[in-house]
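Visitor: I would like to learn how to read a structure, one feature at a time. Could we go through one together?

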Amino acid sequence: MAEKETSIQKITRLIEKQENIRNIATSAHIHHGKTALTDNLLAAAGLMAAKAAGDLEEGMATWQHSDEQERLMTVDAANVSMAHEYNGQEYLINLIDTPGHVDFGGNVTRAMRAIDGTIVLVCAVEGIMPQTETVLKQALRERVKPVLFINKVDRLIKELKLTPEQMQERFSKIIANFNNLIMQIAEEEYKEKWKVSVTDGSVAFGSARENWALSVPFMKKRGISFKDIYKIYELEGENRKKWVWENAPLYEVLLDLVVKHLPNPLEAQKYRIPKIWKGELDSKFGQDLLNCNKEGEVAFVITKIVIDPRSGKEVAAGRLYSGTIVNGMEVYSNMNKKKYRIQQVLVYNGIKPEQMERVPAGNVLAISGLNAEVGDTITLSEQTPFEEIKHIFQPVITKSIEVVRSADLPKLIEILRKVSKEDPSIKVEINEETGENLISGMGELHLEIIEGRIKTEKGLEVKMGPPIVVYRESIAKNSGTVEVRTPNGHNIFDFSMEPLEDAVYNAIEMGVLPEMRLKKKAEEVWKKLSELGVSNEEARQYKEIYKGNVFEDRTRGIVLLPEIIESIIDGWRLVVDGGPLAKEPMMKTKIILHDAKIHVDHMHRGPAQIYPAVRQAMFSCMQKGGAILLEPIQTHLIEVPVDFMGDVTALIGSKRGILIDVKQEGNDVQITAKIPVAEMIGWSNDLRSITEGRGVSSLKDQEFQRMPVELQAEVIRKIRQRKGLAENQ
Ligand SMILES: Nc1nc2c(ncn2[C@@H]2O[C@H](COP(=O)(O)OP(=O)(O)OP(=O)(O)O)[C@@H](O)[C@H]2O)c(=O)[nH]1
Ligand SMILES: [Mg+2]
């Protein structure tokens with residue numbers, strides 16, 4: 001008798017069959033059951049012990065860090081793969097389990113680049129929550145197709161004791177809300193196409209923890225009615241398991257749904273590539289990408305990096321959009337402009353990475369041997385890279401980090417470098433002059449987790465300062481023209497600065513406009529600018545878009561300008577990174593170069609002359625146009641029993657918060673409020689203590705807004721003091 005095929009042998013066979021691959025992720029509001037679902041799918045595929053699947057206390061298979069077990073939540077996105085049989089054919093499901101907490105939302109954004117479809121889970125009791133909307137935004141931005149799984153239906157039966165009719169009514173409401181979101185968020189072409197529906201089976205419901213799921217087509221096929229579902233909770237022990245396994249097997253219902261409703265890479269790349277790659281689609285490389293060509297040039301996008309703590313070896317996971325990656329092959333990093341030799345090619349067998357000889361396009365896989373960054377495009381020769389992977393929110397909380405023993409300082413710098421590589425949502429600022437090292441993250445929890453990992457996983461004793469809020473600097477109105485000279489007096493520049501238009505700024509934030517140096521023929525960008533109301537003439541004056549700021553060149557025919565424009569723009573970027581008020585980053589400004597007189601001798605127009613002049617121009621412009629400080633503001637949805645409403649509104653008021661909306665539903669109220677991040681340090685504890693632990697708050701949105709004038713001076717003074725800035729800095 002032939003030996004039974006092992007699961008890795010099966011996967012080796014399946015990675016070749018592109019039509020039968022599905023690259024997907026779980027995504028949802030926090031704790032809606034993503035990991036319980038992933039665990040149960042793995043268990044059914046025989047890739048982990050069934051007994052432990054989805055059991056928090058036993059530990060989730062996908063939790064690879066001890067902090068996840070301690071806090072009972074997912075922090076890192078986890079890659080797993082499994083085989084599935086549907087209609088007599090075998091499929092390979094590459095699945096990424098993503099975290100739900102907003103602080104780790106960057107991991108969701110990055111996962112979306114690797115996949116083509118996502119199972120969005122919605123808790124049947126809580127319904128659509130702010131983070132459901134956020135994950136849909138993240139998915140649709142990458143043209144990742146969603147399907148819906150309504151989870152925790154057991155609670156409707158056991159806790160809320162709903163009748164079958166009430167249950168269906170609740171489902172209808174969730175589905176309608178879900179489709180409304182798709183209508184609001186999706187691009188025109190996908191609004192109708194990607195709506196989910198009960199009848200076509202793109203919606204399933206069930207209980208990830210209790211390992212069952214159903215969809216309407218599946219119920220029809222098996223002759224099961226809504227009433228039958230209640231049977232599950234009348235049966236006990238083995239009988240219940242047996243009924244569920246025979247009539248509503250979670251893995252079968254969900255993976256059938258995935259195979260049927262989510263695209264394979266050949267289909268998906270046809271419409272995803274034009275959205276996430278802005279090169280020439282008619283070129284050979286463009287065609288390779290569109291067609292997911294195994295034979296084409298390698299195009300691998302890194303979406304996650306893990307550094308082995310012992311060996312220091314870097315493993316880069318991501319999506320192969322074209323070509324075939326072969327062990328030992330030489331590849332090119334478009335970010336580093338450097339070649340590397342691949343040392344390992346890995347695919348996932350369950351949660352376990354396994355070495356392969358070769359993996360073709362259309363798969364999620366990992367490689368080692370590189371020293372690259374998340375977001376990099378790995379090819380064979382230099383190519384137009386994929387669009388930047390941009391997270392919806394920016395980091396707004398910073399802490400200083402110091403070593404306990406000064407001898408450890410070099411180690412700290414090395415570790416911070418690794419930390420920001422593994423988690424690109426972290427921003428690290430190393431100041432060798434002052435010795436102050438700062439890390440910024442998405443929230444307090446994010447920084448706590450990082451601190452914990454530096455101590456336990458990286459084994460370095462560190463001390464972190466109290467949380468500090470990140471501000472932005474901007475300009476209130478048009479400055480009018482300012483003339484400056486270089487320190488040697490040989491060059492003169494005329495600049496002005498003004499606030500950047502809302503439409504343009506928002507498009508940059510949304511990733512619709514790329515942040516980059518614009519070349520002579522930036523047709524794509526000009527077209528978008530014109531759609532945003534920028535005149536054709538002005539669009540052609542855009543030289544660079546950098547961190548939400550724009551540089552325009554309105555000079556005409558200055559022969560020597562090309563020789564120094566790089567230095568001018570470098571000088572501008574330096575001030576954008578740290579503005580005149582308090583050396584906080586600038587945002588939403590537009591600087592315009594109107595005229596220049598340039599010395600013929602290049603000796604007299606080096607960066608040492610140009611930088612200070614640009615800086616002086618920007619400082620004067622900001623002074624004339626009114627320099628303003630912007631602070632991060634969060635919109636939160638706070639849900640509490642109605643009895644606590646008064647206390648919660650008072651708490652919001654005490655934190656400079658503004659009520660946006662209050663809705664009552666049964667015994668609960670939903671309060672939407674905008675609160676400055678500076679006042680939100682310790683927010684979850686404050687809310688917990690005034691609501692006896694019954695208030696839940698979730699982030700809906702985040703933006704920067706002008707600070708109240710009466711507070712601005714004091715905040716600036718404090719930041720300058722903390723940074724040790726002298727009068728003229
Ligand atoms: N009653 C019930 N509880 C569930 C179900 N699925 C998950 N849970 C519970 O909900 C909690 C969160 O489950 P997880 O699977 O960790 O949820 P998650 O979405 O992965 O959470 P994060 O990754 O932290 O966002 C745990 O206590 C689970 O046991 C379900 O179908 N029914
Ligand atoms: Mg999870």
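Predicted model: local features only at pLDDT ≥ 70, side-chain atom pairs only at ≥ 80, totals over all residues.

Visitor: What is the phi of Lys 337?

Guide: Start with the general idea. Most residues other than glycine have a negative phi. Lys 337 is not a glycine, yet its phi is positive, about 55°.

Visitor: Which loop holds Asn 211?

Guide: Asn 211 sits in the loop between strand 6 (203-207) and strand 7 (212-214). Its phi is also positive, near 65°, and Asn 211 is a residue other than glycine.

Visitor: Why is Asn 211 called buried?

Guide: The cut-off for buried is 20 or more other C-beta atoms within 10 Å. Asn 211 has 25 of them, and therefore counts as buried.

Visitor: How many residues of helix 4 are buried?

Guide: Ten of the ten residues of helix 4 (residues 105-114) are buried, so this helix is largely enclosed by the rest of the structure. Among them are Asn 107, Thr 109, Arg 110 and Arg 113.

Visitor: Now sheets. In what order do the five strands of the open sheet stand?

Guide: The general idea comes before the case. Strands of a sheet pair through backbone hydrogen bonds, either parallel or antiparallel. In this open sheet the order is 24-25-28-27-26, and the pairing is mixed. Strand 24 (482-485) and strand 26 (542-546) are at the edges; each has a single partner strand, so one side of each has no neighbour in the sheet. From one strand to the next, the twist averages 25°.

Visitor: In which sense do strand 25 and strand 28 pair?

Guide: Strand 25 (residues 492-499) and strand 28 (residues 589-597) are antiparallel, with eight bridges. To follow one of these bridges, take Pro 499, whose partner in strand 28 is Thr 589.

Visitor: Which helices should I look at beside these strands?

Guide: Helix 21 (residues 607-625) packs on the sheet and touches strand 24, strand 25 and strand 28. The direction of helix 21 makes about 40° with that of strand 25. Helix 20 (residues 561-577) lies across strand 26, strand 27 (549-553) and strand 28, at about 25° to strand 26.

Visitor: Which residues does Ile 569 touch, leaving out those up to four places away in sequence?

Guide: Ile 569 belongs to helix 20. Apart from those sequence neighbours, Ile 569 touches Lys 543, Glu 544 and Phe 551. Take Glu 544: 25 residues separate it from Ile 569 in sequence, while the C-alpha to C-alpha distance is 8.1 Å. Ile 569 has 20 other C-beta atoms within 10 Å, so Ile 569 is buried.

Visitor: Which residue in strand 20 is the bridge partner of Ile 397?

Guide: The partner in strand 20 is Gly 441. Ile 397 also has a bridge partner in strand 22, namely Val 469. Strand 18 (residues 397-403) pairs with strand 22 (residues 468-469) in the antiparallel sense over two bridges. Strand 18 and strand 20 (residues 437-441) are antiparallel over five bridges. Strand 18 and strand 21 (residues 462-464) are antiparallel as well, over three bridges. There, Glu 402 is bridged to Lys 463 of strand 21.

Visitor: Where are the bounds of the domains?

Guide: The domain assignment gives domain 1 (7-263), domain 2 (267-379), domain 3 (397-470), domain 4 (473-625) and domain 5 (629-712). The centres of domain 1 and domain 3, taken over C-alpha atoms, are 35 Å apart. Their contact takes eight residues from domain 1 and ten residues from domain 3. On the domain 1 side there are three nonpolar, three polar and two charged residues.

Visitor: Which residues come nearest to ligand 1?

Guide: Gly 33, Thr 35, Met 73, Thr 74 and Gly 100 come nearest, out of 22 residues around ligand 1. By class, the shell has seven nonpolar, nine polar and six charged residues. Helix 2 (34-44) and helix 6 (153-158) each supply at least two residues of this shell. Helix 2 gives the most, with three residues.

Conventions
Residues numbered from 1 in each chain as written. Chains lettered and ligands numbered in written order. Near = placed C-beta within 6 Å. Helix = DSSP H or I, 4+ residues; strand = E, 2+ residues; numbered from the N terminus. Nonpolar A, V, L, I, M, F, W, Y, C, P; charged D, E, K, R; others polar. Domains from an automatic or database assignment. Contact = placed C-beta atoms within 7 Å. Buried ≥ 20, exposed ≤ 12 C-beta atoms within 10 Å, placed from the backbone. Pairing = 2+ DSSP bridges. Axes fitted to C-alpha atoms, helices over the stretch in contact; angles between N-to-C directions.
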